[in-house]
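Student: I am new to this structure. Could you take me through it in short questions and answers?

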Amino acid sequence: GTHELVEATEEGAKPVRKGRLFLLDVDVEGLTVRECQRTDTPAVFDLKWSPVPVSGSPMLADASADGHVRLFALTGSRLEASTEVECCGDAMATFVDWNRVDCSSLLVSQSDGGMSLLG
């Protein structure tokens, strides 16, 4: 995931934090990388794959500058949006991690020093 700070063009306006998710196919034998998918999102601060499949699919959790955590299911060679949760109020979601036992919850760190437990 990426993070780009776009300065405001109007006086008094806040800068915008934009991001993008890339899904890549890496061929380690042929030493090639192919872009499978590109998705525009709010700025991405952290990404974590679920340690075990959730409902039969690998899941990707995204902690974003807009204070949301987004979940994406990997289906074939595509990421499909699954769930979006606003968890940080006016703060940014800066870190996310899965419950390592069964992926039943996510821990989210916030830019204001707070934490959220989702699930």
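Student: Which residue meets Asp-40 in a salt bridge?

Tutor: A salt bridge puts a side-chain nitrogen of Lys or Arg within 4 Å of a carboxyl oxygen of Asp or Glu. Here the N to O distance is 2.7 Å. The partner of Asp-40 is Arg-20.

Student: What basis do these values have?

Tutor: This is a predicted model, where local features need pLDDT of at least 70, side-chain atom pairs count only at pLDDT 80 or more, and totals for chains, interfaces and linings use all residues. Residues are numbered from 1 along each chain as its sequence is written, and side-chain values use heavy atoms, with hydrogens and water left out.

Student: How many residues apart in sequence are the parts that Asp-40 and Arg-20 tie together?

Tutor: Strands are DSSP runs of E, at least two residues, numbered from the N terminus. Asp-40 lies in strand 3 (residues 32–42). Arg-20 lies in strand 2 (residues 16–27), so the pair links parts separated by 20 residues.

Student: Is Asp-40 buried or exposed?

Tutor: Buried means under 20% relative accessible area, exposed over 50%, and partly exposed in between (1.4 Å probe, protein chains only). Arg-20 has 29%, so Arg-20 is partly exposed. Asp-40 has 57%, so Asp-40 is exposed.

Student: Is Asp-46 buried or exposed?

Tutor: Asp-46 forms a salt bridge with Lys-48, at 2.8 Å from N to O. Its relative accessible area is 14%. Asp-46 is therefore buried.

Student: How many salt bridges does a search of the whole structure find?

Tutor: Arg-100 and Asp-97 make one of them, at 3.0 Å from N to O. Others share partners and join Asp-66, Arg-70 and Glu-84 into one network. The search finds seven.

Student: Which strand gives the most to the nonpolar patch?

Tutor: Phe-22, Leu-24, Val-26, Val-28 and Val-33 make a nonpolar surface patch of about 470 Å². Val-33 sits in strand 3, and is exposed at 56%. The most, three residues, comes from strand 2.

Student: What is the order of the open sheet of three strands?

Tutor: Two strands pair if DSSP finds at least two bridges between them. The edge strands, strand 8 (93–98) and strand 10 (115–118), each pair on one side only. Pairing is antiparallel, and the order is 8-9-10.

Student: Which residue in strand 10 is the bridge partner of Leu-106?

Tutor: Strand 9 (residues 106–110) and strand 10 run antiparallel. Four bridges join them. The partner of Leu-106 is Leu-118.

Key
Patches are made of residues with over 30% relative accessible area and no salt bridge: like charges are joined within 9 Å, nonpolar side chains (Val, Leu, Ile, Met, Phe, Trp, Tyr) within 5 Å. Accessible areas come from the Shrake-Rupley method with a 1.4 Å probe; for residues, only the protein chains shown count as cover.
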